[in-house]
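Please prepare a briefing on the structure shown here, grouped by topic and with the cut-offs stated for each term.

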Amino acid sequence: MHPPMTVHIKCFASLRETLGVAARDLPHRRGMTVADAWRALSAAPPPENLLCARNHEYVDFGQAVDDGDEIAFFPPVTGG
């Protein structure tokens, strides 16, 4: 028997508080994208300039997601 196919989602900084989740596993499905992962966390559109990464590399919301991937969402970092 095969283990269930999942995608691991992480939220950082203010997103963690806003969404009320630091990490969550989602079932993976064929054709899944980073945008689909966001929609599984929130019915609201993503904040402007939201950064996302797939397996520690920046990607856009149209990026395909594979079984076992880690998707991270975090607000842009500002410096001063």
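This is a predicted model: local features need pLDDT of at least 70, side-chain atom pairs count only at pLDDT 80 or more; totals for chains, interfaces and linings use all residues.

Residues are numbered from 1 along each chain as its sequence is written, and side-chain values use heavy atoms, with hydrogens and water left out. The model contains an open sheet of 5 strands, a largest nonpolar core of 16 residues and 5 salt bridges.

**Sheet and helix packing**

- Helices (H or I, at least four residues) and strands (E, at least two) are DSSP runs, numbered from the N terminus.
- The 5 strands of the open sheet follow the order β2-β1-β5-β3-β4 with mixed pairing, where two strands pair if DSSP finds at least two bridges between them.
- The edge strands are β2 (23-27) and β4 (57-58), each of which pairs on one side only.
- Strand β3 (residues 51-54) and strand β5 (residues 70-74) run antiparallel and are joined by 4 bridges, and L51 has F74 as its bridge partner in β5.
- Helix α2 (residues 34-41) lies across β1 (6-11), β2, β3 and β5, and runs at about 65° to β5; axes here are lines fitted to C-alpha atoms, for helices over the stretch in contact, and angles run from 0 to 180 degrees between N-to-C directions.

**Nonpolar core**

- A nonpolar core is a set of buried Ala, Val, Leu, Ile, Met, Phe, Trp, Tyr and Cys residues joined through side-chain atoms within 4.5 Å; buried means under 20% relative accessible area, exposed over 50%, and partly exposed in between, with a 1.4 Å probe and protein chains only.
- Of the 16 residues in the largest such core, I9, I71 and F73 touch the most other members.
- At least two residues of this core come from each of β1, α2 and β5, and α2 gives the most, with 4 residues.
- In soluble globular proteins, nonpolar side chains tend to be buried together.
- I9 is in contact (heavy atoms within 4.5 Å) with A22, A23, R24, L26, A37, L41, I71 and F73, leaving aside its neighbours within four places in sequence.

**Salt bridges and polar contacts**

- A salt bridge is counted when a side-chain nitrogen of Lys or Arg lies within 4 Å of a carboxyl oxygen of Asp or Glu, and by this rule the count comes to 5.
- K10 forms a salt bridge with E70, with the closest N and O atoms 3.3 Å apart; K10 lies in strand β1 and E70 in strand β5, so the pair ties together parts that are 60 residues apart in sequence.
- Within this pair, K10 counts as partly exposed at 27% relative accessibility, while E70 is buried, with a relative accessible area of 18%.
- The side chains of D36 and R29 meet in a salt bridge at 3.8 Å, N to O, and R29, D36 and R39 are linked in a network of salt bridges.
- D36 counts as buried at 16% relative accessibility, whereas R29 counts as partly exposed at 46%.
- R54 forms a salt bridge with D66, the closest N and O atoms being 2.8 Å apart; R54 lies in strand β3 and D66 in the loop between β4 and β5, so the pair ties together parts that are 12 residues apart in sequence.
- D66 counts as partly exposed at 42% relative accessibility.
- The side chains of R54 and D66 also make a polar contact (2.8 Å), a term for a pair of N or O atoms within 3.5 Å in which, within protein, one must be able to donate a hydrogen and the other to accept it, and residues adjacent in sequence count only if both atoms are side-chain atoms.
- A polar atom of the R54 side chain lies 3.3 Å from the backbone oxygen of A64.

**Two loop residues**

- M32 is found in the loop between β2 and α2 and is buried, with a relative accessible area of 2%.
- Leaving aside neighbours within four places in sequence, M32 is in contact with V7, L26, P27, A37, Q63, A64 and V65.
- The C-alpha atoms of M32 and D67 are separated by 9.4 Å, although these residues are 35 residues apart along the chain.
- A22 is found in the loop between α1 (14-19) and β2 and is partly exposed, with a relative accessible area of 41%.
- A22 touches I9, K10, C11 and R16, not counting residues up to four places away in sequence.
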